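Subject: Structure handover

Hi,

Here is the structure I said I would pass on. Could you load it and keep it open while you read the rest of this email?

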Amino acid sequence: MNEEDLKEAMHDVIVRSTPPEPMDPARALNQGRKVRTRRRVVWVGAAAVTLTVGAAAGPTLVANLADNGPAGQGVAGGGTPSLAGPTTATSVVPTPKSGSTVVPSAPTTRKTGDPWPEGQTDRTASAGPRAVRVGGLMADLSSAVPAGFSTPNLKYPDGRSARWPQAQYASADGEPDYWEYMATIPVQKDNKVGRLLVMSTTPNGKPATSPCQLALTFWGSTGTCAVVDVDGKKVGVVTAKKGSDYDQSATYRYDDGTVVVLAQAKKTDLPGKSALTQPVFSTQQLAEQVTSAKFKISE
């Protein structure tokens, strides 16, 4: 094929080919609008899927925040919360608000055969915080003695000290737990010796009685009782009959049930010692002393 033949062949192809359709602006605009509409449908569908997935994942996310506490951990310096799912929340006892009333637990009631409390071998607490408290009670009693009297560390012939503190578990069977703290000291003036006793009993669950009815329960006291007022506090003061261990005792019960007794005697059981010629305290002084907060032990 020469050059002339090639030109004729190409012309023949051009002639037989269908010419393209003329450009129609309206049709082109309509096609563009259809494409844009389809794109919008696709995007709306994708957004709906995203919202559906988010709604389903929302509770899990909230659970993770509540249980793992990423915000709180961030403040406290904790690690990254687990992605495996919510964990079981630890139970936390709420702290009582300031000023709220906390109801105390009921006291333990002693039963026959129960062991002595706090590892004791009998009723007496010879060591530990209770022994410390009663030692402090004896020191406070010594410091309360008025001028002119002394509290020497006198001894019995067998070497025992006449200064005697004792903390004991006082509950009987069927009674709630309570304790009795007692201290006895000799008191001397002009080589004559008497003695003082103070006893503080923790709340024992028993109902309040009249001041004198309560005062007459101290070691089976017998004698006459009078109510002495100390700044509005009612104190039962018993003047004992002759031959009693103590000449006079004052008893005061606090609102919480703590009972304090302060007793005095002009004589002592120390051999060879003459009795005091006067009591250590007057009746009013005895009543005032028994209401002093330093003698109150409530636990």
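Below is what I found in it, going from the overall picture to single residues.

The mean pLDDT of the protein is 76, with 64% of its residues at 70 or more. Where pLDDT is low, the predicted coordinates should not be read in detail.

**Overall fold**

The protein has 6 helices and 7 strands. Along the sequence they follow the pattern α-α-α-α-β-β-β-α-β-β-β-β-α. There are 299 residues, and 30% of them count as buried. If you take the contacts with a separation of 6 or more, 57% are between residues 24 or more positions apart.

The largest pocket has a volume of about 350 Å³. Its lining is made up of 18 residues, and T201, N204, L214, T217 and V259 are the ones nearest its centre. The elements giving two or more residues to that lining are β3 (192-201), β6 (248-253) and β7 (259-265). By class, the lining splits into 9 nonpolar, 6 polar and 3 charged residues.

The second largest pocket comes in at about 230 Å³. It is lined by 17 residues, with Y156, W164, T184, R195 and D269 closest to its centre. Here β2 (179-189) and β3 are the elements that give two or more residues, and β2 gives the most, with 4. This lining has 10 nonpolar, 3 polar and 4 charged residues.

T184 is worth a click while you are there. It sits in strand β2 and is in contact with M138, A162, R163, W164, L196, L197 and Y246, leaving aside neighbours within four places in sequence. Is T184 buried or exposed? With a relative accessible area of 10%, T184 is under the 20% cut-off, so it counts as buried.

**Cores**

The largest nonpolar core holds 34 residues, and L196, V198 and V235 touch the most other members. The largest share of this core comes from β2, with 5 residues. To see what is packed around V198, look for L137, L141, Y181, M182, A183, V260, V261, L262 and F295; V198 touches each of these, not counting residues up to four places away in sequence.

**A few single residues**

A265 is in strand β7. Its relative accessible area is 3%, so A265 is buried. Setting aside residues up to four places away in sequence, A265 touches G194, R195, D245, Y246 and D247. R195 is one of the residues closest to the centre of the second largest pocket. A265 and P279 are 14 residues apart in sequence, with 6.9 Å between their C-alpha atoms.

K241 lies in the loop between β5 (233-240) and β6. At 55% relative accessibility, K241 is over the 50% cut-off and therefore counts as exposed. Which residues does K241 contact, leaving aside its neighbours within four places in sequence? They are T222 and G223. K241 and T222 are 19 residues apart in sequence but 6.1 Å apart in space, C-alpha to C-alpha.

Most residues other than glycine have a negative phi. E118 has a positive phi of about 55 degrees, although it is not a glycine. You will find E118 in the loop between α3 (70-76) and α4 (129-143), and it is exposed, at 56% relative accessibility. D190 is another non-glycine residue with a positive phi, near 55 degrees. D190 is in the loop between β2 and β3, and it is exposed too, with a relative accessible area of 63%.

Over to you!

Note on methods. Residues are numbered from 1 along each chain as its sequence is written. This is a predicted model: local features need pLDDT of at least 70, side-chain atom pairs count only at pLDDT 80 or more; totals for chains, interfaces and linings use all residues. Side-chain values use heavy atoms; hydrogens and water are left out. On a 1 Å grid over the protein atoms alone, a cavity is a set of points where a 1.4 Å probe fits but cannot get out, and a pocket is an open set with protein on both sides within 12 Å along at least five of seven lines; lining residues have an atom within 4 Å of a point. Grid points are joined across faces, edges and corners, and a volume is the space filled by probe spheres set on the points. Ala, Val, Leu, Ile, Met, Phe, Trp, Tyr, Cys and Pro count as nonpolar, Asp, Glu, Lys and Arg as charged, and the others, Gly among them, as polar. A nonpolar core is a set of buried Ala, Val, Leu, Ile, Met, Phe, Trp, Tyr and Cys residues joined through side-chain atoms within 4.5 Å. Buried means under 20% relative accessible area, exposed over 50%, partly exposed in between (1.4 Å probe, protein chains only). Contact means heavy atoms within 4.5 Å. pLDDT is the predictor's confidence in each residue, from 0 to 100.
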